[in-house]
Structure formats: C-alpha cells, structure tokens
Amino acid sequence: MKKRIMGEGISSHVLFWLILLSSFTLIQFFKDGNDQSLLLLLLQNLKRLPAMLLAVYGFNYYLVPSFYRTKKYILFALSSIALFYFASAFDRLVNVYLYEPLFRKGLFTQESVLEIFSDVDSLFFGYLPALLMATFAMTFTKMAYERNEMEREKLQLQSDKNKAELDALKSQIHPHFLFNTLNNLYALTVQKSDKAPKMVGSLSEMLDYILYKCNEKYVPLENEIELIQNYIELERIRFGDDIVLDCRFDFDRSKHQGLRIAPLLLLSVVENAFKHGASNQVKQPKIEIHLYLKAEFLYFEVKNTKELNSVSDNTGFTKGIGVANLKQQLERLYRDYSFKSRDMGDSYEVKLCINTASSND
C-alpha cells in the first residue's frame with residue numbers, strides 16, 4: 001500500500017486532504033450560519049482525520065486491490081462493512097477520549113468503549129457519512145488519476161513504437177543508399193577512373209552525416225539540401241556528360257534558418273530518380289530537381305526521363321525500398337502533406353508537399 005501511495009506522489013495526497021478538509025470546513029461554516037469561527041471548525045474536522053485516513057486508505061489501497069479487483073466480491077463487501085464500522089467507532093473514540101477532554105468545558109460523562117461500539121445508530125448517522133464522503137472522494141480522484149496515467153502510458157507506448165518503427169526505416173535507408181553508391185564506386189574502380197578517389201571523399205562526407213549527424217527526429221533543412229547536393233555530385237562523377245541535370249534550390253538560408261525537416265526524406269526521392277531513371281536509360285537521361293518554400297509549406301518536385309518499356313507499380317515509381325520508406329515516414333512524421341507521382345510514359349514526375357508546421361512532435 002505504501003508503494004502505491006508513494007508512486008502517486010506524497011504531494012498529491014497532501015493536496016487532496018487540504019482540499020477535502022477545507023471543503024468540509026466551508027460547508028459546515030455556511031450550514032451553521034457562520035456561528036463558529038473557521039479555525040474552530042477546522043480543528044473539529046482535523047480530529048476526524050485519523051479515522052478518515054483509516055477508512056480512505058484501508059478501502060482504496062487495501063480492500064479494492066486485494067478483494068474487489070481479484071473478484072472476491074463477498075469478502076470485499078464484508079470487509080468494507082467491517083472497515084467502516086470500526087473506522088466510525090474509532091472516530092467516536094478519538095472524539096470522546098482525545099478531543100472532548102481538551103476542548104469541552106464543564107463536567108461530562110464519557111461513554112465506555114463498549115457503549116461506543118454498541119451504539120450503532122450514532123455511528124451510522126453521526127460518523128459514517130463523513131467517512132464515506134472522504135473515501136469516495138479519494139476513490140473518484142484515484143480513478144481519474146489512473147485513467148490519466150493509462151492514457152499517458154498509452155501515448156508513451158505509441159510514441160516509443162513510432163520511434164522504433166522510424167529507426168527501423170532509417171536503418172533500411174542507410175544500407176540501401178550505401179549499396180547503390182558502392183555499386184557506382186565499384187564501376188569506377190573497375191574502369192580505373194581518376195574520379196574514384198573524389199567519389200570516396202564525397203561518400204565519406206555523406207556517410208558521416210547519415211550515420212552520425214541526422215539521428216534527431218528533425219534536422220535543419222539546409223543540412224538536407226547539402227546532403228542532396230553531395231549526392232548529386234557523386235552521380236555527376238559517375239555519369240559525367242552523359243546526364244543532363246537541372247537542380248534548383250530556392251531556399252533563403254537567412255530567412256528560413258530555423259526551418260527543420262525529417263532527415264533523409266528528400267534524398268529518397270532523388271535517389272530513386274537516379275536509380276530508376278538515369279541508370280536504366282539508354283539515351284541521355286535528364287533529371288530535374290526543384291525545391292522551394294511558400295510560407296510554412298515545402299515543395300519538392302523531381303522529374304526524370306525513363307525508357308518507355310519500363311515497368312512501374314501503381315504509384316508511378318519502379319518498386320524500391322526508398323519510396324516505401326518515404327511514404328511510411330511521411331505518415332508517421334507529418335499530419336499535413338501530399339505525395340503525388342505521375343507516369344508520363346517517357347518520364348516520371350514526383351511532387352511532394354509538406355506543411356513543416358504540422359510535424360508530429
């Protein structure tokens with residue numbers, strides 16, 4: 001029982017009793033027509049605190065978890081009756097043997113312990129109602145607390161699940177990107193091209209960013225643009241003059257310095273354009289990349305030529321890990337976005353729009 005109370009926080013229990021005793025005092029103050037001082041009424045209510053503690057915590061932190069939640073309903077009912085009976089008698093005992101000798105003036109006769117326990121009517125009508133009110137006030141407060149805790153834990157579990165899924169998706173992106181780039185590097189090495197060392201240097205910079213610098217949920221947009229530019233340079237080294245590239249990044253760094261975006265999303269689109277467009281095309285391929293901002297909206301448009309007989313799925317993309325990851329990450333990271341792709345026979349066009357203010361933080 002102590003562990004349960006400590007788990008909910010001592011301060012919350014202290015606040016509960018302050019509110020409860022203050023409420024009892026104010027109700028009695030107005031009910032008696034302001035005939036007694038608030039301080040005296042508060043002292044009268046404080047004398048009932050030991051019995052209230054017995055009833056409230058005995059019921060909510062022992063009987064309910066031990067009998068009610070284990071479906072021992074008969075034992076729970078009998079135990080509850082016994083608890084409230086003894087708590088009422090204990091309340092009367094404190095009043096007769098502690099409070100009245102200190103504050104009651106004149107001579108008076110004290111009831112014996114046996115008389116107190118046998119006076120059921122006095123206990124039932126004079127002492128039980130306040131104990132029940134205090135007990136059920138704690139019951140409803142505890143139910144509300146547990147419901148909030150369940151919701152909080154549910155949200156935390158969902159958040160942890162989303163984070164784990166995103167981490168899994170990113171762990172797929174890294175080897176996917178690395179596999180494609182190493183294939184390109186291998187081809188240059190076989191050809192003994194002088195471009196290979198430069199490609200190794202660019203690849204090293206990109207891997208340093210992907211593996212160590214984009215582990216946060218959102219990163220600066222300018223870092224992602226730099227990543228894309230480095231990737232494009234790798235592809236320029238690979239294709240040389242055999243590819244036509246039109247890249248425009250309408251991004252004012254001074255104006256949008258604090259703008260952040262989920263990492264590696266844009267790279268997936270660019271990578272697919274090169275992998276399924278330029279790499280599979282006999283004639284000179286062409287890739288157009290355009291990024292621009294309007295208010296809080298980021299627009300990213302990529303278009304690549306392709307062979308007419310290229311097979312695509314219903315999204316307009318050749319099937320690949322990158323695009324599947326992109327869609328899943330968008331779903332988890334943003335509430336407001338659009339992702340459209342169009343197969344125009346000899347080219348693919350992708351249009352991505354993200355409301356950067358709609359991130360699922």
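Visitor: What is the order of the five strands in the open sheet?

Guide: First, a word on ground rules: this is a predicted model, where local features need pLDDT of at least 70, side-chain atom pairs count only at pLDDT 80 or more, and totals for chains, interfaces and linings use all residues. Residues are numbered from 1 along each chain as its sequence is written, and side-chain values use heavy atoms, with hydrogens and water left out. Helices (H or I, at least four residues) and strands (E, at least two) are DSSP runs, numbered from the N terminus; two strands pair if DSSP finds at least two bridges between them. Here the order reads β2-β4-β5-β7-β6, and the pairing is mixed.

Visitor: Which strands stand at the edges?

Guide: Those are β2 (244-250) and β6 (337-343); each has a single partner strand, so one side of each lacks a neighbour in the sheet. For β2, pairing with β4 (residues 286-294) is parallel and runs over seven bridges. You can find V244 bridged to K286 in β4.

Visitor: Which helix lies across β2, β4 and β5?

Guide: Angles run from 0 to 180 degrees between N-to-C directions, and axes are lines fitted to C-alpha atoms, for helices over the stretch in contact. Contact means heavy atoms within 4.5 Å. Helix α9 (residues 221-239) is the one, running at about 170° to β2.

Visitor: At what angle do α2 and α3 pack?

Guide: We call angles under 35 degrees roughly parallel, over 145 roughly antiparallel, 65 to 115 roughly perpendicular and the rest oblique. Helix α2 (residues 10-31) and helix α3 (residues 38-46) pack at about 125°, with axes 9 Å apart. That angle makes α2 oblique to α3. Residues including L21, F24 and F29 of α2 meet residues of α3, among them L38, L41 and L42.

Visitor: Which residues of α2 meet α4?

Guide: They are H13, W17, L21 and F24, and their partners in α4 include L49, M52 and Y61. The axes of α2 and α4 (residues 49-68) come within 13 Å and cross at roughly 125°.

Visitor: Where does pLDDT stay under 50?

Guide: pLDDT is the predictor's confidence in each residue, from 0 to 100. The chain averages 79, and 80% of the residues score at least 70. Residues 312-316 stay under 50, and the model has ten contacts for them beyond four places in sequence. Where pLDDT is low, the predicted coordinates should not be read in detail.
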